[in-house]
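Please read this briefing with the sequence and the model side by side. It begins with the terms and the basis of the values, and then moves from the overall fold to single residues.

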Amino acid sequence: MTVLLVSVALLLIVSIYPVFEITNYDKKYLHVSTAYGYSMYPTIKNGDLLIIALKSSPYYNPEIGDILIYKHDGFYIAHRLLQIKDSFYIVKGDNNDYFEQIPKEDVVGEVIKVIPQENLIAYYLVKNLIKQ
């Protein structure tokens with residue numbers, strides 16, 4: 001019985017840990033969005049929850065390897081930052097074979113946390129913690 005209780009407690013702690021990470025941020029600078037598509041698979045899966053630091057926030061500091069959110073043809077896209085140039089970024093989906101050059105002004109933020117859709121507890125708590 002003790003092993004079961006310890007196991008359940010550990011599972012609960014692991015499940016809600018992402019919620020504690022988000023509490024360190026001022027929520028007015030964050031946005032949550034559900035991922036659609038497979039261009040960032042396996043890092044981001046279809047249905048995962050993305051926590052985004054908005055470009056206007058003090059948390060926005062893109063570096064090589066970060067995942068940026070940018071607007072293209074009316075859609076928001078999450079791709080990995082590979083190079084930083086004067087007026088544009090070179091990005092690529094982890095699951096794509098091609099690179100893209102995007103103007104810096106098209107970027108709306110960077111992904112600071114991915115909550116897998118399977119983590120139902122954190123998914124629900126974070127989605128309700130950060131109001132849209």
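Contact, or touching, here means that heavy atoms lie within 4.5 Å of each other. This is a predicted model, in which local features need pLDDT of at least 70 and side-chain atom pairs count only at pLDDT 80 or more, while totals for chains, interfaces and linings use all residues. Residues are numbered from 1 along each chain as its sequence is written, and side-chain values use heavy atoms, with hydrogens and water left out. The protein chain holds two helices and seven strands, where helices (H or I, at least four residues) and strands (E, at least two) are DSSP runs numbered from the N terminus.

**Overall make-up**

- Read from the N terminus, the elements of the protein chain follow the order α-β-β-β-β-β-β-β-α.
- Of the 132 residues in the protein chain, 36% are buried, where buried means under 20% relative accessible area, exposed means over 50%, and partly exposed lies in between (1.4 Å probe, protein chains only).
- Among contacts in the protein chain with a separation of 6 or more, 55% are between residues 24 or more positions apart.
- The accessible surface of the protein chain is about 8200 Å², and 60% of this belongs to carbon and sulfur atoms; such areas come from the Shrake-Rupley method with a 1.4 Å probe, and for residues only the protein chains shown count as cover.

**The sheet and the helix across it**

- The seven strands make an open sheet in the order 1-2-7-3-4-5-6 with antiparallel pairing, two strands being counted as paired if DSSP finds at least two bridges between them.
- Strand 1 (30-34) and strand 6 (100-103) are at the edges and have a single partner strand each, so one side of each is left without a neighbour in the sheet.
- On average, and with direction ignored, neighbouring strands of this sheet are turned by 45 degrees against each other; axes are lines fitted to C-alpha atoms, for helices over the stretch in contact, and angles run from 0 to 180 degrees between N-to-C directions.
- Helix 2 (residues 120-129) lies across strand 1, strand 2 (49-54) and strand 7 (107-115), and runs at about 35 degrees to strand 2.

- Strand 5 is joined to strand 6 by four bridges, the two running antiparallel, and here Tyr 89 stands opposite Ile 102 in strand 6.
- In a regular strand the side chains alternate between the two faces of the sheet.

**The largest pocket**

- The largest pocket has a volume of about 470 Å³, a volume being the space filled by probe spheres set on grid points that are joined across faces, edges and corners.
- Its lining has 23 residues, of which Ala 35, Tyr 36, Tyr 76, Ile 77 and Ala 78 are the closest to its centre.
- On a 1 Å grid over the protein atoms alone, a pocket is an open set of points where a 1.4 Å probe fits, with protein on both sides within 12 Å along at least five of seven lines, and lining residues have an atom within 4 Å of a point.
- Strand 1, strand 2 and strand 4 are the elements that give two or more residues to the lining of the largest pocket, and strand 4 gives the most, with five residues.

**Loop residues and backbone geometry**

- Most residues other than glycine have a negative phi, and most peptide bonds are trans.
- Tyr 41 and Pro 42 are joined by a cis peptide bond with an omega of about 10 degrees, and Pro 42 is in the loop between strand 1 and strand 2.
- Asp 73 has a positive phi of about 55 degrees and sits in the turn of the hairpin that strand 3 and strand 4 form with two residues between them; at 65% relative accessibility, Asp 73 counts as exposed.
- Asn 96, in the loop between strand 5 and strand 6, is buried, with a relative accessible area of 13%.
- Not counting residues up to four places away in sequence, Asn 96 touches Ser 39 and His 79.
- Asn 96 and Met 40 are 56 residues apart in sequence, and their C-alpha atoms are 7.7 Å apart in space.
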